[in-house]
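Dear colleague,

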Amino acid sequence: MPNSPSRSLINRLGIPPTLVWGYLGLLLFMIGDGVESGYLSPYLIDQGFSQSRVALLFTVYGVAAGIAAWLSGVLSDLWGPRRVMWTGLGIWAAFQVLFLSAAIPLASYPLMMLGYGLRGLGYPLFAYGFLVWIAAVAPRARLGTAMGWFWFAFTGGLPTLGSLVASGLIPHIGAYATLWAALALVAVGGLIALLLVRDDRGGAKPRTESPLVTLVGSVTILWRNPRVGLGSVVRVINTASQFGFFVIMPIHFTKTVGFSLTQWLHLLSAMFATNIFANLLFGVLGDRFGWRRTIAWFGGAGCTVSTLLLFYVPNAAGANFPLALVVAAFYGATLAGYVPLSALVPSMEPRHKGQALAALNLGAGASTFVGPAVVAAFVGPLGVAGVVWIFAGMYAVSTVLALFLKLPDESPTAEGAPQTGAPAAASAPA
């Protein structure tokens, strides 16, 4: 393929040229997946379901997502990333149709549990399957940057542009029809990625061990290498508050603080617009400042502070949009402080990077139900303020845990930066 100017630019940006369409497809898929993130909770409550039942529904969705996130790495080793992504797209579309065509019109909570809950299997298989594909294709020297672009596309869609699309569509076509529009976006994005990416490394690799050994190894690595286990716990904490806030913050900001739903969706878009650019920033900073220190101080300590500010500043100032915008952006930026985990955790198990990636994905998926579960368990007795303090405490714990995430070859005097002699990007999962 000729080295065209556009291809040279893509190479300079650190994006594998053969996967360009995959990144675009991922962005569109995650926009569709994120459309509902800022308003589904209050929408279902307006349909007559209690806050605790909605929280439980989100928790079941998160459990499914956690299982799928773990399986995405394992199944990619067995089937190849392309087949895993097709499976994720099919699951998402089929159960979204069930949710919209039967569960919501009939106001059937059991059908919602089935349709929406099992739809949670879809996006991790698609997105994290592509993450494995990137790891197989990107050159070692640029692998960290390629992973940064993955998170740029992932969070650019969920919930940043997804919330923005929702805020634009709901006033014109209504909340229910907007959920159908989300299905269309997911379908278009999935098909772009799967039909236009021609790289043959998306197929299954020759097996060096049995499927059962691969499956079991992706779990036992959590205690075979305790640092990988700690990294997975830190990953759970990273976005637990995000998924918990999807349940309670739309209600809190609109019913208590006094913002309109459109204003809340704009705040959410600004929050994660900041986050997507911070993902790239903290990826670069991690290579220079040290992965471990970046995770601990910018991620853990930063989120401890920003989580409290996100609640207390609007509570004190009322519906002051510019001030709320500042604290929302700060919260979104600190969430990105954990980005170097994608390079650090697989590096702590260099002989089994695929299993370490599965463990990290398990943590990512688990956060989608841990957050709503915290809300479901504590919002009743402790209120929104109590839930916020629980999340802030979790972030403080993650700051301490991150300090123990040392590389196998890290000297006692090292402060968390990658060792010389090996490119920082080479430590991303493979």
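In the classes used here, Ala, Val, Leu, Ile, Met, Phe, Trp, Tyr, Cys and Pro count as nonpolar, Asp, Glu, Lys and Arg as charged, and the others, Gly among them, as polar. On that basis, the lining of the second largest cavity divides into nine nonpolar, two polar and three charged residues. Please bear in mind that this is a predicted model.

The second largest cavity has a volume of about 150 Å³, and of the 14 residues that line it, Glu-36, Tyr-61, Tyr-116, Phe-243 and Phe-246 are the closest to its centre. At least two lining residues each are supplied by helix 4 (51-79), helix 6 (109-119), helix 11 and helix 16.

In total, the count comes to four cavities of 30 Å³ or more. The largest cavity has a volume of about 260 Å³, and among its 23 lining residues the closest to the centre are Trp-151, Thr-155, Arg-235, Asn-238 and Thr-239. Two or more residues of this lining come from each of helix 7, helix 8 (143-173), helix 11 (226-257), helix 12 (261-289), helix 15 (341-347) and helix 16 (353-402), and helix 11 gives the largest share, with five residues. By class, the lining of the largest cavity holds 13 nonpolar, nine polar and one charged residues.

Helix 7, which contributes to that lining, is mostly covered, with 15 of its 16 residues buried. At 1.5 Å a residue, the 16 residues of helix 7 (residues 122-137) should span 22 Å, and the 23 Å between its end C-alpha atoms agrees with this.

With best regards

Key:
Residues numbered from 1 in each chain as written. Predicted model: local features only at pLDDT ≥ 70, side-chain atom pairs only at ≥ 80, totals over all residues. Heavy atoms only, no water. Helix = DSSP H or I, 4+ residues; strand = E, 2+ residues; numbered from the N terminus. Expected span 1.5 Å × (residues − 1). Buried < 20%, exposed > 50% of the residue type's maximum accessible area, 1.4 Å probe, protein only. 1 Å grid on protein atoms, 1.4 Å probe; cavity = no way out; pocket = protein on both sides within 12 Å on 5 of 7 lines; lining within 4 Å. Points joined across faces, edges and corners; volume = space filled by probe spheres on them.
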